[in-house]
Amino acid sequence: MKELLLDLRGVSKSFRTADGAPRMVLEGVNFSLGEGEIVALLGKSGSGKSTLLRIMAGLVPADGGTFTYRKKPIHGPVEGVAMVFQSFALFPWLTVQQNVELGLEAQGVAPAVRQERADAMLELMGLAGFGGALPRELSGGMRQRVGIARALVTNPDVLLMDEAFSALDVLTGETLRTDILELWDSASIPTKGILVVSHNIEEAVMMADRIVILSSDPGRIRSEYVIDVPRPRDADSPQVRAMIDEVYGLMTMRPAPAPATTAAAAPVVDYRLPETDVNRIEAVLDLLAQAPFNGRADLPQLADEAELPDEELFPTYEALGLLGLAHVEKGDISLTPLGYRYAEASHTLRQEFFGQQLLMHVPLAALIRKDLEAELSGTLGEEPFLSVLKESLDAEQAKRTLEIAIEWGRYGEVYEYDFNAGVLKLPDEEAKQNAQT
Ligand code: ADP
Ligand code: MG
């Protein structure tokens, strides 16, 4: 059997929110990384991917569960586990060479040896001749090469990469990814296991032997997907496209509803609204309605056409689904009958549809509307709604969710928002009628 490099059993972690309440970020996470594996960890933003990585690197402790590196409990930073960050995390005042040597210094390696190893690593990463440069003199792609060189120079047993390519433009990211896979596949580095966190499905499918998907709130391992295709893989081959499709399907699958803890009668207002806006929702709907899709699209193809990153598209698909305008299933998205009518509707009719769907499917919007109708003054502050949301969301999420509900509600003319006074009110026409009755 393969040796386990990292092994996490029943790991949980909570953070305190701004108002001091604990919020569970990870719960009951079981995960292992074996020798010889590249595993990709996918999940929405905020699902706890970075937290999980930091636990594995020994940078933060988990609250519960067991977590080991080569069977030894992880207590603090683990020698043998190196991490690469999205932000590169280089010291701006140190040269490239000094940045790379840093990891070795911490391990007490003698200066002459440090220099030699750093030189060799710079060469391997395509940075020969850049040792004396300062990070700011380099392009983003080159800077991340330094970040990777700094991790690899320690000859890590395990390499953890946290969205290491996502701050780079697509082409640069792809080149760097290919270089790392070459080093790995040709065994030019002694590293025995790699874990990449990504929100890019294609990247995950191109790199990984296994993809693990983390669900949100709290983060749990939702599904696993094994990729049994030798590298290098051709991103355009039908086989790879089909796998990308399947993983899209797994990602957009709504998790099974949590066991009912509240009575069915009470509207659930704790729903975190998808981070998207009306313009984007309508743009994606319009794109989907047009040729060549004519109402039904393969998600990766739609993504190509939309030229928007996955982290903007996913919430938008979620919103379209939530509003009953489209269906997402197994890597495809298709318009519902209402979605078709919406696509053809005039601006005014679109607003009407939007408002009607909002009231029907977003309990928070329905609650705001109901409370406003019952309120004689016709206006309400944000506070009561925020405090309802804060029962299940952290302060930041509650604020964002209310902002989104306000934006959507204004568009659908379900309610109005007075930005000067910071109060919600009924749309002007209806406010008058309400006052008369
Ligand atoms: P991801 O990497 O998947 O985007 P993170 O692991 O960074 O997610 O964060 C998961 C959740 O935990 C987020 O809601 C974030 O706000 C929260 N969180 C992360 N680190 C801290 C911290 N040090 N203190 C409080 N909350 C945190
Ligand atoms: Mg992260």
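1. In which loop does K71 lie? This predicted model places K71 in the loop between strand 4 (64-69) and strand 5 (72-73). K71 is not a glycine, yet its phi is positive, at about 70 degrees. The relative accessible area of K71 is 70%, and the residue is therefore exposed, the cut-off for that class being over 50%.

2. E307 belongs to the loop between helix 9 (299-306) and helix 10 (310-322). E307 counts as exposed because its relative accessibility is 71%.

3. One runs from R231 to P232, with omega near -5 degrees. P232 sits in the loop between strand 10 (220-226) and helix 7 (238-252). The other joins A291 to P292 and has omega near 5 degrees. The loop that holds P292 lies between helix 8 and strand 11 (296-298).

4. As to the chain overall, its secondary structure comprises 16 helices and 16 strands. Along the principal axes, the C-alpha atoms fill a box of roughly 85 × 50 × 45 Å. Of the 437 residues, 50% are buried. The chain exposes about 20,900 Å², and carbon and sulfur atoms account for 53% of that area. Among contacts between residues at least 6 apart in sequence, 69% link residues at least 24 apart.

5. An N or O atom in the side chain of R23 is 3.1 Å from an oxygen atom of ligand 1. For G46, a backbone N or O atom stands 2.7 Å from a ligand 1 oxygen. In S50, a polar side-chain atom is 2.8 Å from an oxygen atom of ligand 1. On its own, ligand 1 has 560 Å² of accessible area, of which the protein covers 64%.

6. Helix 2 (residues 96-106) has V96, Q97, N99, V100, E101 and L104 as buried residues. The spacing of such positions can be read against helix geometry: an α-helix has 3.6 residues a turn, so residues three or four places apart point the same way. The buried residues of helix 2 pack against helix 3 (111-124) and helix 4 (140-152).

7. Leaving aside residues up to four places away in sequence, V96 touches L122, F130, G131, A133, L138 and V146. As a distance check, the C-alpha atoms of V96 and G43, which are 53 residues apart along the chain, are separated by 32 Å.

8. E101, also found in helix 2, is a charged residue by class. With 12% relative accessibility, E101 counts as buried.

9. The last point concerns a helix pair. Helix 8 (residues 278-289) and helix 15 (residues 395-411) have axes that come within 10 Å and cross at roughly 65 degrees. On the helix 8 side, V278, I281 and E282 take part, and they meet E407, W408 and Y411 of helix 15. The contact between these helices comprises four nonpolar, no polar and two charged residues.

Note on methods. Residues are numbered from 1 along each chain as its sequence is written. Chains are lettered from A and ligands numbered from 1 in the order in which they are written. This is a predicted model: local features need pLDDT of at least 70, side-chain atom pairs count only at pLDDT 80 or more; totals for chains, interfaces and linings use all residues. Side-chain values use heavy atoms; hydrogens and water are left out. Axes are lines fitted to C-alpha atoms, for helices over the stretch in contact, and angles run from 0 to 180 degrees between N-to-C directions. Helices (H or I, at least four residues) and strands (E, at least two) are DSSP runs, numbered from the N terminus. Contact means heavy atoms within 4.5 Å. A polar contact is a pair of N or O atoms within 3.5 Å; within protein, one must be able to donate a hydrogen and the other to accept it, and residues adjacent in sequence count only if both atoms are side-chain atoms. Accessible areas come from the Shrake-Rupley method with a 1.4 Å probe; for residues, only the protein chains shown count as cover. Buried means under 20% relative accessible area, exposed over 50%, partly exposed in between (1.4 Å probe, protein chains only).
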